[in-house]
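Here is a quick briefing for anyone meeting this structure for the first time. Take a look at the sequence and the 3D view, then read on.

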Amino acid sequence: LHNTQIPLKGIVHAAGIAEYQVLQDINLNTLESTLRPKVAGGWLLHQLSLGMNLDFFVCFSSIASVWGSRGQAHYAAGNHFLDTLAHYRQALGVPALSINWGPWAGGGMASEETQTLLKRMGLEPWQAEEGIAVLAQLLGTNIVQATAAKVDWNIFKAVYEVKGQRSLLKQIGTQQQEQGEVQPALRPQFLEQLDALPANKRQSFLIAHLQSQVAEVLGLEPSHLADVQQGFLELGMDSLMAVDLKNRLEVSLGQSLSSTLVFNYPNIEVLANHLATYILSLELSTQQELQKDPKELSQASVELEQFSEDELASLLDAELAALVN
Ligand SMILES: NC(=O)c1ccc[n+]([C@@H]2O[C@H](COP(=O)([O-])OP(=O)(O)OC[C@H]3O[C@@H](n4cnc5c(N)ncnc54)[C@H](OP(=O)(O)O)[C@@H]3O)[C@@H](O)[C@H]2O)c1
């Protein structure tokens, strides 16, 4: 860093290794090799350049350290170190900028396969010239850390909130419809067919429909889904597939559905029960009365726990009296 007539005026830290491995499979070697360029590399550049009068010190960090990325916990941690280093440098009064980049096209560490997957999640890659323009823009500001990604929030938010709301995304509005009835031009064919069936055939028709939709989403034959109690997660369903399933069901049922539907009702049986009872209000034959929604049951039992035995007895009396009348 010292051995030149021309003073060094800026540093761009762009070294890194991206390997995909789920957390439980990351061994010490993989962890070290992923952290080394980011942590050791970033820290060395920081220390060795501290006495220099730099104009800029830029760290190429990643969106992985902002909202996480499956199979990249180690990479996310390394990038998070760079983000923290930038804030630390700012506290020392020296130049610092960490950019949490979304994917770049053009043959870097985001392979074609990764880019395709990220596009499905609503993330478009930067072309090199676009990325450089963003870098130039940020260098002209006092910003210490910025996320630079091309995001379609409608898609991204649905995928990232499939298991529940994320506080990071709370303020981000999307154009998704509120839950409730959609007004399609035509009543979906599936509903027409369902209505035409006698009451005692509807549940099995709904289950067969779910089997075929789940099978398409998972790329399996419907015959693989004979066990309607087998969990979607166990069958290999990920967040993208869960959103895909929800979207398909919204079309076939003509209703917008909760973004956490598949996570809350995680197998065909409970999903069918929920849809039949609470979304479609299906009339079934008496022998076929669907079981109570398990979520509702647990909610009910929590509520019942709040009453004393005497209170419960009088509640029961009131319920019986109402039935008799
Ligand atoms: N490309 C993207 O979509 C993307 C998105 C977000 C963030 N980023 C970040 O942007 C930076 C550049 O990405 P890229 O796509 O240009 O990556 P890349 O093509 O894979 O290049 C990474 C570079 O880091 C060097 N490197 C790896 N380990 C090193 C070590 N221990 N010491 C010194 N150099 C080391 C590699 O050198 P060798 O070739 O000699 O191994 C390689 O030249 C990375 O820090 C990455 O984390 C990239």
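Where is Asn53 found? Asn53 sits in the loop between α1 and β2, with helices (H or I, at least four residues) and strands (E, at least two) taken as DSSP runs and numbered from the N terminus. This is a predicted model, where local features need pLDDT of at least 70, side-chain atom pairs count only at pLDDT 80 or more, and totals for chains, interfaces and linings use all residues. Residues are numbered from 1 along each chain as its sequence is written, and side-chain values use heavy atoms, with hydrogens and water left out.

**Around the ligand**
- The ligand has 17 residues around it, and Ala15, Lys38, Tyr75, Trp104 and Met109 come nearest; a residue is near when one of its heavy atoms lies within 4 Å.
- That shell is made up of 11 nonpolar, 5 polar and 1 charged residues. Here Ala, Val, Leu, Ile, Met, Phe, Trp, Tyr, Cys and Pro count as nonpolar, Asp, Glu, Lys and Arg as charged, and the others, Gly among them, as polar.
- Both α1 (28-48) and β2 (56-62) supply at least two shell residues each, and β2 gives the largest share, with 3 residues.

- Lys38 uses a polar side-chain atom, 2.7 Å from an oxygen atom of the ligand.
- Trp104 has a polar backbone atom 2.8 Å from a ligand oxygen, and for a polar backbone atom of Gly16 the distance to a ligand oxygen is 3.1 Å.
- On its own the ligand exposes 890 Å², and the protein buries 56% of that (Shrake-Rupley method, 1.4 Å probe).

- Asn53 counts as exposed because its relative accessibility is 60%, and exposed means over 50% (1.4 Å probe, protein chains only).
- Leaving out residues up to four places away in sequence, Asn53 touches Leu8 and Lys9, where contact means heavy atoms within 4.5 Å.
- Asn53 and Val94 are 41 residues apart in sequence, yet 8.5 Å apart in space, C-alpha to C-alpha.
- Ser281 lies in the loop between α11 (268-279) and α12 (294-305). Ser281 is not a glycine, but has a positive phi of about 45°.
- At 54% relative accessibility, Ser281 counts as exposed too.

- The protein chain averages a pLDDT (the predictor's confidence in each residue, from 0 to 100) of 87, and 82% of the residues score at least 70.
- Residues 299-304 stay under 50, with 1 contact beyond four places in sequence.

Conventions. A polar contact is a pair of N or O atoms within 3.5 Å; within protein, one must be able to donate a hydrogen and the other to accept it, and residues adjacent in sequence count only if both atoms are side-chain atoms. Buried means under 20% relative accessible area, exposed over 50%, partly exposed in between (1.4 Å probe, protein chains only).
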